Amino acid sequence: KSIIYFQKNDKYLDAAIYKGNLGIAYKERGDYQKAKSYFEEAVKFHKKAGNKEETAKLLTYLSDTYEVAGDYKLALKYAQESYELYKDLDNAQYMIFGLQSVSSIYQSMGQFPEAIKNYNKALEICTSKGLKESEETTHLGLGGVYRKMEDFGNSLISLKKATTIAQNINDEDGLATIYTNLGLLYSDQHQDTEAISYFKKALQLNQKLGDEHGISVAMANIASINYKSGNLMEAVESYKKSLAYFEERGELSQQLRLLSNIGAMYYNNRQANLAIPYFEKSVRIGERLRLEAERNTKRDYLATIIDDYRWLMYCHAYQKDAANVFKVSEAVHGRVLGERLGANVVSDAPSISQVQSGLGAQTALLVYTDPTRDIVQLAITNQSKTVGMEKSEPFEASMKSIIQKVNDSNLIPKRGFKIVHNSRRILRKSLCITGPY
């Protein structure tokens, strides 16, 4: 409404400011299409008006939006454009932000040497200008790159440098973020005692600061360690509190992770009936996020959706509900046929025409070595009667056999655990659009 009012009254600068702030709001809610639209409109106005600083800030937000949506090529384009504008402004701190943003995208692309190179360029500016907070966030970023490379030694060195600076300048907000990353680093190395210690430090600082988002992330990370340690119900309660916060804020990507993990915990506690609603809601949110995502991220969301379908099949099989096992397995099969994923999820998924001609049905299987693989295979075999392939055996009899296999097994399948990462970017403090937001 404000934008419409400003445009009617020829107050185009105010309209552009509000468009930028709407972009920020939609990005925080995970609505990347709308966020990109508002950012692009605001960028267009500020470019035309010659407002370099506002254009550069908005390009940074636009780049970040494309990055989280999975379109790294455009994300890098806008980040580099933003950096060039910051250079023109001869503002050292903004130049550092630009380099950090470029580094973050290279990290997302898996081009770690380029990420490190740009972070080191940022460090040179930090030290020459004496910008301690920027030096802190740059070391934090470097620690993240090294952790992704599984170079845990250099990651620890970078994060410890960030810790020292944060303590010296009394940056408690930054310190909470660093503690979270140290917890993740130790968790990656299966050093759970050290990991939970840092997650608890992050929780204490976030409680002191009244940062509800940070509190929720810390609780989720503590729950992750409890889960890995076998304290399932304690972990569930922590996850539920964290989930309630993200539901209130409408942060769908965080909800997706939490819902899946709560469902897995209930299943592992042999409470399949309680797990089902969480997996079903996770699938719905995953579908919504996938529709708005770009390229690599779209594929990642689909992989998560298929994984949740897989767990739904386990739940229904555990309850001896053959009809729902078949219903979910049909959904999985449809997903595999409808999309072509990377080899880490499926192996050479066939086209519908290939399946209709009787080719490639075996290659549509998800890469699992557990009873779910048999369930998916059985669903494909059962569906073959509608696409011209011969059905090998009665579905009902085989399904009973598979359900018995699930129930007789002493091994409860374990979920590949996903820790909730702290979503606050290293640009967390200084990039704000002029005006109220």
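Visitor: Among contacts between residues at least 6 apart in sequence, what share joins residues at least 24 apart?

Guide: A contact means heavy atoms within 4.5 Å. In this predicted model, 62% of the contacts between residues at least 6 apart in sequence join residues at least 24 apart. Local features need pLDDT of at least 70 and side-chain atom pairs count only at pLDDT 80 or more, while totals for chains, interfaces and linings use all residues. Residues are numbered from 1 along each chain as its sequence is written, and side-chain values use heavy atoms, with hydrogens and water left out.

Visitor: How many helices and strands does the protein have?

Guide: Helices (H or I, at least four residues) and strands (E, at least two) are DSSP runs, numbered from the N terminus. This protein has 20 helices and 0 strands.

Visitor: What span should helix 4 have?

Guide: The expected span of a helix is 1.5 Å times one less than its number of residues. Helix 4 covers residues 52-69, 18 residues, so it should span 26 Å; its end C-alpha atoms are 25 Å apart, which agrees. Just after helix 4, glycine 70 takes a positive phi of about 95°.

Visitor: How many salt bridges are found in the whole structure?

Guide: Side chains of opposite charge can pair when their charged atoms come close. A salt bridge is a side-chain nitrogen of Lys or Arg within 4 Å of a carboxyl oxygen of Asp or Glu. The whole structure holds 17 salt bridges. In one of them, glutamate 172 pairs with lysine 208, with the closest N and O atoms 2.6 Å apart. Glutamate 172 lies in helix 10 (residues 172-188) and lysine 208 in helix 11 (residues 192-209), so the pair ties together parts that are 36 residues apart in sequence. Lysine 208 is exposed, at 59% relative accessible area.

Visitor: Which residue forms a salt bridge with glutamate 287?

Guide: Arginine 290 does, with the closest N and O atoms 3.6 Å apart. Glutamate 287 counts as buried at 18% relative accessibility, and arginine 290 counts as buried at 9%.

Visitor: Which residues are linked with Lys47 in a network of salt bridges?

Guide: Lys77 and Glu81 are linked with Lys47 in that network.

Methods
Buried < 20%, exposed > 50% of the residue type's maximum accessible area, 1.4 Å probe, protein only.
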